[in-house]
Amino acid sequence: MFVGSYSLRLDEKGRLALPVRFREQVAGGMVIKKGQERCIYGLTMARVAEQSRAAASMAPADTAEARMRARLSFGSMVEVEPDKTGRITIPAGLRQYAGLDRDVVVVGVDTRFEIWDQATWDAYEAEQEATFAAMESEGMPTLS
């Protein structure tokens, strides 16, 4: 499970040092891809396989929407391998898609993590805070 938010920096070559807590989880391989709201998703290879199986079981699979979703999702995936210091290189196309320049935020979102431009994340978070605070329920099971 990926949790927490981490303010980090890309270096001049587009490399990002993953949060230490995430490194062990992606040691078996990972991909990065286009995500919703102009961020980048980071997924383990096991999660990619789960998504592939889920997509294959959805019906109907041969619609314009299903083809578009598969093309933009699987087509944007890039396999990356963290180096010995836990850095990954984010390709220029994905950096451009997400508007990543230097300051970024890595957000753990359960089965994936997201990489956001810092200013874009700050604006998104500010925009969503009031809605989240006013929700009757977080939508998560409680322990009480």
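**Reading the sheet**

Trainee: This is a predicted model. What makes E7 and E8 a hairpin, and what is the phi of Asp110?

Mentor: E7 and E8 form a hairpin with two residues between them. Asp110 sits in the turn, with a positive phi of about 65 degrees.

Trainee: How do you know that E7 and E8 pair?

Mentor: Pairing takes at least two bridges. E7 and E8 have six, in the antiparallel sense, so by the cut-off of at least two they count as paired. Val109 stands opposite Arg112 in E8.

Trainee: What joins E4 to E8?

Mentor: Three bridges join strand E4 (residues 40-44) to E8, and the two run antiparallel. The cut-off is at least two bridges, so E4 and E8 pair as well. Ile40 has Ile115 of E8 as its bridge partner.

Trainee: Why is E8 called largely enclosed?

Mentor: Buried means under 20% relative accessible area. Five of the six residues of E8 are buried, so the rest of the structure largely encloses E8.

Trainee: What is the strand order in the open sheet?

Mentor: The order is E1-E7-E8-E4-E3-E5, six strands with antiparallel pairing.

Trainee: Which are the edge strands, and what makes them so?

Mentor: Strand E1 (5-9) and strand E5 (78-80) each pair on one side only. For E5, the pairing is with strand E3 (residues 30-34), over three bridges in the antiparallel sense. There, Val31 has Glu79 of E5 as its bridge partner.

Trainee: Which helix packs on the sheet, and what does this helix touch?

Mentor: Helix H5 (residues 118-134) touches E1, strand E7 (103-109) and strand E8 (112-117). Its direction makes about 105 degrees with that of E8.

Technical notes: Residues numbered from 1 in each chain as written. Predicted model: local features only at pLDDT ≥ 70, side-chain atom pairs only at ≥ 80, totals over all residues. Heavy atoms only, no water. Helix = DSSP H or I, 4+ residues; strand = E, 2+ residues; numbered from the N terminus. Contact = heavy atoms within 4.5 Å. Axes fitted to C-alpha atoms, helices over the stretch in contact; angles between N-to-C directions. Buried < 20%, exposed > 50% of the residue type's maximum accessible area, 1.4 Å probe, protein only.
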